[in-house]
Each structure stands twice: as C-alpha cells, then as structure tokens.
Amino acid sequence: MPVVGASTDKRLDVSEVGRIVADQYGRLFGIAYRVLGCRAEAEDVVQDVCLSLPDKLPDFRGEAALTTWLFRVATNKAIDALRARQSRQTHMAAWGEVEAFRRAEAVEEAAARDQLDDLMESLEPEDRATVALVVSEGMSHAEAADLLGVAPGTIAWRMNRIKERLRAMVRQEVA
Amino acid sequence: MEPMDMDDLRAALAARTPAPCADRRAAVLTQLEKNLEDRQGSVAGGRLTSRTSEQPRAIWQKLEAEMSKWKKRGIFLGTSGLVTAGLAVVVVLSGDHSTPPSAQYLDGLQMERIDLAERHQMAPVDARNKAAVKPVPLVVAPQGQIEAFAAAMTRMAQDTMRIAPALPTPGPDLVHGGMSGDRFEDVVQNSVKIAAEEPVSTFSIDVDTASYSTIRSYLERGQIPPEDAVRIEEMVNYFSYDYPAPEPGGIPFATHVASYETPWNAQTRLVQIGLQGALPEIEERPPLDLVFLVDTSGSMQAPDKLGLLKQSLKLMLPRLRPEDRVAVVTYAGASGVALELTNASDTAVISAALDGLSARGSTAGAAGLKAAYGLLERVTDDGRIGRVILATDGDFNVGMSSADEMKDFIADKRDTGAYLSVLGFGHGNYNDALMQALAQNGNGHAAYIDSLTEARKALGDQLTGALFPIAGDVKVQVEFNPSVVGEYRLIGYETRSLAREDFNNDKVDAGDLGAGHSVTALYEVTPVGSPALLNDPLRYGSAPVSTGDAGEIGYVKLRWKAPGEAKSEITSTPIPFAADGPSGEHRFAAAIAGFGQILKGGTYLGDWGIAQAIDLASGHDGVDEWGYRAEAVRLMGLYQDLKSIE
C-alpha cells in the first residue's frame, strides 16, 4: 500500500507533486464517491483536497507522507460533506419529502439500484468510509484506522458489523 | 463468523463507481500546478489566496470549538457541584474524539489536521512497547514558519475572545458551583512568588480530569488546544502514580513529598506533593445490584454508540464479584426488561442478553427509568447497593411531564438507596446538561465514553469503590522556608487557589478525595542565591529572614474532613531538601506538567520544549497497564507535528 511508507529526507519537487496527485486522483475520487454516493459531490471533495495541497507542500518529505495526507484529508472531507448534506436535509424538510425528491432526481440510477446500493446508503458516514478504505482500497485495519483517526479495533468492529448486515442482506435475497 | 468474500464485494462496489470526469480532473490538475508554481514564489508561511475567502467559516468553526469547550466547562462545573454534595470522586471523561458537530464547516483551517506519521495514531497499549511509541521528529519546519503559526494562533484566539461575549450563556443548571462565573475569563498562570515576602501558598485539591480529555480531543482533531482549555493540575491528575497507600486505620490518605531537579531548569527544583487515598478492600464493599438501562433508540445504531456500549459493559463483567448482580433494561418505543437481576458469575447469560440488544424505534426514557428502578426496589433492603447505570446518547425522551419531575424522581430514589450513573455515548445529540443533572440527582457520576479505554477507566473506577469519598474538603497549605527558598511557583491549580486564611475556615469548600484516588501538585522552587532567581534583590534590602531548618524546603499542611463531618482535621509533613534525582514516576508527572506549560505558552521553560517532554515522558518506568501514559506520549507527538507543520 502506498499509504504507509518510510519517510525520506528528500523534499518533493513541484513536478513530482503534480505527478503524485495525478496518479492518486482516481483513487481519491473513488473513496469520496464510495462515501458520498454522489458524483458531483465527490468531484468537489477531490478538488478541495488537491487545491489545498500547495499550502502544505513544504511540510512533506517524501511521497508516502503526501499520499497519506491526500487519503486522510479526502476521506475526512467526504465524511464531513456527507454529514453536512444529511444535516441540511434534516433541516430542510421532513425526511420523506427529501428522500422522494432525491430519488426522483436519480431516476436513471434507480433502475440499476439493488440491495447492495441500499445497504451502502443505509451505512453511517464512518462506516461508508471504512468500506471505501478496507474493501475498495484493500487497506489493512491499521492503515484505515490511521486515516480515520480511530483504533484498529474500531475498524475491525465496524467491518464485522458491515459483514453482518451484508449476510443478512444475502439471506433476505435467498428467502 | 463465516468468511465473506471481500473480493466479490470489492468488485461489486467497483462496478458501481463511475469514473471521475476527465475534464474536471484535467482542470484541477492544471490549477494545482499553477498554485504550486505561485506557491514557490511566495514566502514561507504565506497564505493561499483561496483560503482568504474561507475566513468567516474558519472563525465560525473556532466559535463552535469554543462553544463546545463551554459545554465541557459545564460538565466540569456540574462535577464540582457533585463533589461539594459530599459524593464520590467524579470522573468526567468528556474526550470528544471524533468529528465535532462543526464538522460540516470543514474548511481550509481544519485541513491542517494533518498528522504526518501513522505512528502517532495508534499507541500500543503496552508500556513495554514504549520504545515503539516514542516519536522521532520527522519534520523540521523553518523557524519563521513556526513563528508565523504561533502568531496566527494568537490572532485567532484574540478573535475568539472578542466574539465570545456574544455567545449564549449556559443555562442555570450549569452555572452553579463555587467557581468564577465568567467562563471566558482568562485564567492567569500562577506567577513566581518571593518566599521572603509571601511564604505561604494555599489551594484546594482538584480531582477533575476533564481538561486532559478536552486537550486530547483538540489534538486528535488536529488543533492546538486554546490556552484557557489547559488546566495543568487536571492533566497531571489524569494519571495515577505509584504512591504507596496509607497505613490502614490511620489518616485515610498518605502524603508523599519529594523534591528533585527540575527537568527544564537545572538551577531549580520541583517539589512534588502527592496524596494517595486509601482503597478499601474490594471484599469489604457491599454486593452491588447494577441495572444497565440501555438506550436502544434508533439513534444508538452506530458503532461508537450501541456497539461500544455492549463492549464496555462486557468489559465490566469480569471485575464484578460473583454475588453482584446485573440486570438489563432497554428503552425504545416500549421499554422492557431484557434481563432480570442475574448473578455476575453467569457471564454467558449476561453476555447473551447484551448481544441481543439492537437499536430500533424512538425513546421512552422515563418509562425505562421507572422499569429499572422497579427492579432495584425489590432488593434494596438487605444491604446491597443498587445502582442504575443509564447508557445513552442523550436522546432521552421525557415521558414524565418535565425534566424537573424526572430529576425529582431520581432524587427520591436516591434517598431510598438506589443511585444513578450516566454513561454518555456518541456525538451529535448527547445532552450534556440533562445527563449531568440526572447523575447529580442520582448521587452518581456522568462519564462520557468514546473508546474502550475510557470505558475501562470510567467503569473500573465505579466498581473498585472509588465512588466512596474518603476525605472531604481537602486543602493544602505549603509554607516555604525563606532561608532555603528564594522563589517558588505553583504549577497549575490556578482555579483552585484559596486565601491563606481559608485554610482554617471549615466553611470554605474544597475538593474531595475518593477511595484509591491520588492527587498531585507540583511547585517549582528556586534556592536562595541561585542564578535562576527571577527577581533581583532590593537595593534597600528586605525584611530580615528568620533562619529555619536549612534541611527543609518547606512544610506541608493538609486539612480534610471525614465524610459527613463538619469539622476538619489537620496533618502535616516537612519537605526535605533531598539531593535525589527524580524517580520514573516523578519524571512522568514532571513531563506532563511540562507539556501543560508548553500548551500554555511555556513562559518558564526556557529552551526546554516538546521534544524534551516526549523524552522525559517516555522514560518513565511506571506501570501503564491500560496505555494511558503511552497515549500521553502519542498526544505530545501529535502536538509536535502540528506545531512543526505550521
């Protein structure tokens, strides 16, 4: 995994930074999308992360530190964006109304929706991020825990819970 | 657990992820390159122009942080109220690890939460691994940048202070207590006193630890805690030290005084005064009947709520005695008894009942509370101690006509010998004020639990008898020997200082000491004639100094009341001028006090900084069974990184 690595004393070159961000752009978007479930919002998050980077630049020694930072900030920003959206929705109107509105909006997506989508949709922001990092990105619990700022045990716990719900979903499908 | 095919899931998720928009990607990368080039031409520490527009959000976020600090002060005040009511030592764990409600305002500022190295994130829970947790400085920022950052922090703090008076004031529930009313009052650090002019220093013990949790929550969010949030004595007292217990049958606490060379100044000495409360044998306590009243409303459906709660309660089981009993009552929609009082030895039955809990429905708190007390009512006669432990995220629906009525109900039950403690979980709708009020009325404590470690701390205290106060209104008075000590300075305890004459006035309230708890206070003293003295001698001389015993730095007097007594007793002990170096335990206490002073600006520390504090803290040789000390070292490392990054 590129997330954890030995730091070097070498300062990053500007051109290298561009290359690293270009390399990671897709993965950052993937994580943000996994959490947010919304393409436009995911694009926004990744843009915010990338453009706030130059300010941080003198602090990074080596590619690993930079990549870790990108992942961490993208994940947390996505979680926060999701929470912000959820709280906006709560404040805006009754849940049912918003939900109906949102679903109508995503009508072409709706055709392709299945239970896995519903499951992802039902997860808490942190759980979605956990899935994004552990399942989609294949990170270890320790790595995901580091990025999310929680104990590895918490990640293990979340994953167990998510798997349990997946199993319940599969059972439902069979029944 | 049957293995899930993660690869299938990964593939399924990948199939559901669209590709990022290529145009957008190109635009972002181009802009990034441009910003990078601009950046190269700018001075170190300069601001990104794009961040300037986000300034109002940054201030808003800062405000929110300030407000949450207020809330914590609220808890803290409530706690003092508890202590004055003659109750137990209260552990308030308001550590707020995950993202605060302000998270939606995440902006450029919060982006600075970068902690470069994963090594700070997870401290091994084993003191033997301390080599592994000792951070190595990774990033060295140019001095100018550090200064720019410090200046920015100061500015921001000033902004906040200016805006602060417009904030809503906390409700009357939170304002009582013997502390200063203005929550935004700057607490001025204790200054250096001249022993010849002011030889006597008096303060109340402080058994709270909330400040440490607050600081931890700031650092873990990637923010430097505001200086006013730092109460050094609460940081030092968060940890337990290896003070020998008192002799049985005598004074309920042991006094340990020591002096050793100050880590940050070889010319001065630290005087450490430690009080260790007696811990009654656990066998001596009456059997407990614990009713876990578990909130299973929909909002509890989160890993850091119901999940953590189940784990926490299970952790508690092995620490119970076989004759203790446990029951579980849930409340959500209709409340119900999930488990009748069951002997603690039936761990399998209890575990199964806990596992069976799942979150659903809305909250019917009052009905649950009545059901929980109902279980205790049948048994309170035979010398058992009944306690309801309410575990909730604060979404407590008042079925009784008002919150006051519920408090009265709890207070009535307390008078019949059934107590209430509150464990708070999760974020977002945790209702500090109500929970604190309920616990106060129930003779219990309110603890905020955000991790298993905190659960262990809070629940462990509960069960080892720390809920029994052993000494009330404990006051400390130190008289320094002016023939030995030129200057002295009390580190921390600013909010606990007492007038000299209050020491002998039993009407003046002070902190209580709970069973098994320890309290530590540190003075930095400068010997007479030392080059480290900060005050010059007076040209016209000062009053002649009476010569005391040159072997004594000073004399410690302690006043306390036996629980329930109105009249205080006194004990005293000299502070020997020993040439010993610090023990490992001393080193750790000094490191925490040093860290606290760094957080407060480090006025008296000279060149001694966070790297030295980390070294010192890592070098302790004490027992760190649960990793609290390792965590402290990790927090210091976080702070070091945050500072160096800016």
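In this predicted model, helices H17(B) and H18(B) touch through a set of side-by-side residues: Ile610(B), Ala611(B), Ala613(B), Ile614(B), Ala617(B) and Ser618(B) of H17(B) meet Val633(B), Met636(B), Gly637(B), Tyr639(B) and Gln640(B) of H18(B). The two axes come within 10 Å and cross at roughly 165 degrees. Angles over 145 degrees count as roughly antiparallel, and H17(B) and H18(B) are therefore roughly antiparallel to each other. Their crossing is left-handed.

| Helix | Residues |
|---|---|
| H1(B) | 6–15 |
| H17(B) | 610–618 |
| H18(B) | 628–645 |

Let's turn to H1(B), where Met6(B), Leu9(B) and Leu13(B) are buried. Looking down the axis of H1(B), you will find its buried residues within an arc of 60 degrees, so they line one face of the helix. Asp8(B) and Ala15(B) are exposed and sit on the face of H1(B) turned away from that buried side.

Chain B also holds an open sheet of five strands, in the order E1-E12-E14-E4-E3, with antiparallel pairing. Strands E1 (193–194) and E3 (253–262) of chain B stand at the edges with a single partner strand each, so one side of each has no neighbour in the sheet. In general, strands of a sheet pair through backbone hydrogen bonds. E3(B) pairs with E4(B), residues 265–277, in the antiparallel sense over ten bridges.

Terms used
Residues are numbered from 1 along each chain as its sequence is written. Chains are lettered from A and ligands numbered from 1 in the order in which they are written. This is a predicted model: local features need pLDDT of at least 70, side-chain atom pairs count only at pLDDT 80 or more; totals for chains, interfaces and linings use all residues. Side-chain values use heavy atoms; hydrogens and water are left out. Two strands pair if DSSP finds at least two bridges between them. Helices (H or I, at least four residues) and strands (E, at least two) are DSSP runs, numbered from the N terminus. Buried means under 20% relative accessible area, exposed over 50%, partly exposed in between (1.4 Å probe, protein chains only). The arc is that of the directions from the helix axis to the C-beta atoms. Axes are lines fitted to C-alpha atoms, for helices over the stretch in contact, and angles run from 0 to 180 degrees between N-to-C directions. Angles under 35 degrees count as roughly parallel, over 145 as roughly antiparallel, 65 to 115 as roughly perpendicular and the rest as oblique. A crossing is left-handed if the near helix is turned anticlockwise from the far one by less than a right angle, and right-handed if clockwise. Contact means heavy atoms within 4.5 Å.
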